[in-house]
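Please look over the sequence and the 3D structure below before reading on.

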Amino acid sequence: MPNFQRALHVAWARIWFSGIRVQGLKHLPASGPVLYVALHRNGIVDGFVHECVLPAPTYMISIQWKRGLRGLF
């Protein structure tokens, strides 16, 4: 992801939320993939938060988001 896009996501997350705190890092494996699941109705904002705290996240979106975005692109 380009640096300007990451910076934009971080800025949106900081505007949307007054604070971001990461808990439970001791439970993460030392290596290998990790799956983070965001279950909020406004799940796109969760992606902005993940962008703030994770080194290089890869995103998957639900079918509902894909259907909703179909008319935009």
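Helix α1, residues 3-16, is 14 residues long and spans 20 Å from its first C-alpha to its last, close to the 20 Å expected at 1.5 Å a residue, where the expected span is 1.5 Å times one less than the number of residues. This is a predicted model, in which local features need pLDDT of at least 70 and side-chain atom pairs count only at pLDDT 80 or more, while totals for chains, interfaces and linings use all residues. Residues are numbered from 1 along each chain as its sequence is written, and side-chain values use heavy atoms, with hydrogens and water left out.

- His9, Val10 and Ala13 are buried in α1, buried meaning under 20% relative accessible area, exposed over 50% and partly exposed in between, with a 1.4 Å probe and protein chains only.
- These residues lie on the same side of α1 because they cover an arc of only 100° around the axis, the arc being that of the directions from the helix axis to the C-beta atoms.
- Phe4 and Ile15 are exposed residues on the face of α1 turned away from its buried side.

**A nonpolar patch on the surface**

- Ile20, Val22, Leu25, Leu28, Val34, Tyr36 and Val53 form a nonpolar surface patch with about 540 Å² of accessible area together; patches take residues with over 30% relative accessible area and no salt bridge, joining like charges within 9 Å and nonpolar side chains (Val, Leu, Ile, Met, Phe, Trp, Tyr) within 5 Å.
- A salt bridge here is a side-chain nitrogen of Lys or Arg within 4 Å of a carboxyl oxygen of Asp or Glu, and accessible areas come from the Shrake-Rupley method with a 1.4 Å probe, only the protein chains shown counting as cover for residues.
- Leu28 is found in the loop between α1 and α2 (43-53), and with a relative accessible area of 34% Leu28 is partly exposed.
- Val34 also has its place in the loop between α1 and α2, and at 37% relative accessibility Val34 counts as partly exposed.
- Leaving aside residues up to four places away in sequence, Val34 touches Leu28 and Pro29, a contact meaning heavy atoms within 4.5 Å.
- Val34 and Pro57 are 23 residues apart in sequence, and their C-alpha atoms are 9.6 Å apart in space.

**The chain as a whole**

- The protein chain has three helices and zero strands, helices being DSSP runs of H or I with at least four residues and strands runs of E with at least two, numbered from the N terminus.
- Of the 73 residues in the protein chain, 18% are buried.
- The protein chain exposes about 6,500 Å², of which carbon and sulfur atoms supply 61%.
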